[in-house]
Amino acid sequence: MRIPTRNTASFALLTAATAAATASAFTTSPSARRAFVSRASSSASSSPSSSVMPFSKKSVSSSSSGGSHERLPRHRQAGLSMIFGKLFSDGGAFAAGIDYSKLEHPGPELVKAAEEGRVLVTSDKDPNLAVATFAGGCFWGLELAYQRVPGVAHTAVGYTQGREEGPTYTQVCSGATGHTEAIIVYYDPNEVGYDKLLDTFFGRVDPTTVNGQGNDFGKQYRTGVYFHTKEQEDIAKARFEEEKLLYSKPIASELRPAMPFWPAEEYHQQYLEKGGRSGVPQNAEKGATETIDVMDR
């Protein structure tokens, strides 16, 4: 049977552009997506290769905790967005950003801080509340665990430890953005210590599993403790040393400075408390001990 031939030049161009777009087009900021998806739709007949601009490392933003991270230059984000828009018309789900206006506190202040490249040490709205970040695989179950901890005032799920701005669930799940699913915890240090928050983390995860937990695998499901202050760093380092003694395999969980935290879509927030897919709410009351059904998703 004869195999049909392809237009080799066109196919090569499409393949190369698709690969570049798939790996990097998810990196656009919300403003870049809106501006360039519109332009791409009206000029889909032009050559996508002319939109690719050279990558240069710049714009390093310092966090409140003393760490730093590199952001992709906006021209890099915008150029790749145009390629993706031209190849896939309006960009589909990958081009759609999160409607942050739907988020309740602490969502709005988290978005503001992330857009400014800041890592919160305490809440902007209530400075008496300290902030901590943890990643433990799928964020739904870990959030419910922290909701139950006395002294925890607020929780939110989202994406952190990646360079791109405004990532969405679809983009993060692609594995291309560098983010991990995470939980941010607002807590009263007078009621609960950071060491107790670490108890919850290590009580929920297998820290020796690389890039995943349970049935969820991929870089976006890697686990980690991301400290916001020197005090948190010191406490976490000591705890990691203790945990090493409990396992024969190396600890795979990350221990790194926190980077800007981008809240996830509204429907992900307090997902299991709201009922998950089953529609049956799980108990989020302080001190609750019922088993968290992580399969309800």
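Helix α8 passes helix α9 in a right-handed crossing, where right-handed means that the near helix is turned clockwise from the far one by less than a right angle. This is a predicted model, in which local features need pLDDT of at least 70, side-chain atom pairs count only at pLDDT 80 or more, and totals for chains, interfaces and linings use all residues. Residues are numbered from 1 along each chain as its sequence is written, and side-chain values use heavy atoms, without hydrogens or water.

The axes of α8 (residues 194-204) and α9 (residues 230-244) cross at roughly 40° and come within 10 Å. Axes here are lines fitted to C-alpha atoms, for helices over the stretch in contact, with angles from 0 to 180 degrees between N-to-C directions. The two helices are therefore oblique to each other, since angles under 35 degrees count as roughly parallel, over 145 as roughly antiparallel, 65 to 115 as roughly perpendicular and the rest as oblique. From α8, the residues Tyr194, Asp195, Leu198, Asp199 and Phe202 meet Gln232, Ile235, Ala236, Arg239, Phe240 and Glu243 of α9; contact means heavy atoms within 4.5 Å. By class, this contact has 6 nonpolar, 1 polar and 4 charged residues (Ala, Val, Leu, Ile, Met, Phe, Trp, Tyr, Cys and Pro count as nonpolar, Asp, Glu, Lys and Arg as charged, and the others, Gly among them, as polar).

The largest nonpolar core has 41 residues, and Phe134, Tyr146, Val185, Tyr187, Tyr194, Leu197 and Val225 touch the most other members. A nonpolar core is a set of buried Ala, Val, Leu, Ile, Met, Phe, Trp, Tyr and Cys residues joined through side-chain atoms within 4.5 Å; buried means under 20% relative accessible area, exposed over 50%, and partly exposed in between, with a 1.4 Å probe and protein chains only. Helix α6 gives the largest share, 6 residues. Beyond its neighbours within four places in sequence, Val225 is in contact with residues including Phe134, Tyr194, Leu198, Ala236 and Phe240. Another core, of 14 residues, lies apart from the largest one and includes Leu110, Ala156, Ala182 and Ile184.

Leu110 belongs to α5, where Gly107, Glu109, Val111, Ala113 and Ala114 are among the other buried residues. A cis peptide bond joins His105 and Pro106, with omega about 10°, and Pro106 is in the loop between α4 (92-95) and α5. After α5 comes Gly117, whose phi is positive, near 75°. Most residues other than glycine have a negative phi, and most peptide bonds are trans. Gln161, in the loop between β4 and α7, has a positive phi near 65° and is buried at 10% relative accessible area. Gln270, in the loop between β10 (262-263) and α10, has a positive phi near 50°.

Over the protein chain there are 10 helices and 10 strands, taken as DSSP runs numbered from the N terminus (helices H or I, at least four residues; strands E, at least two). Buried residues make up 50% of its 297 residues.
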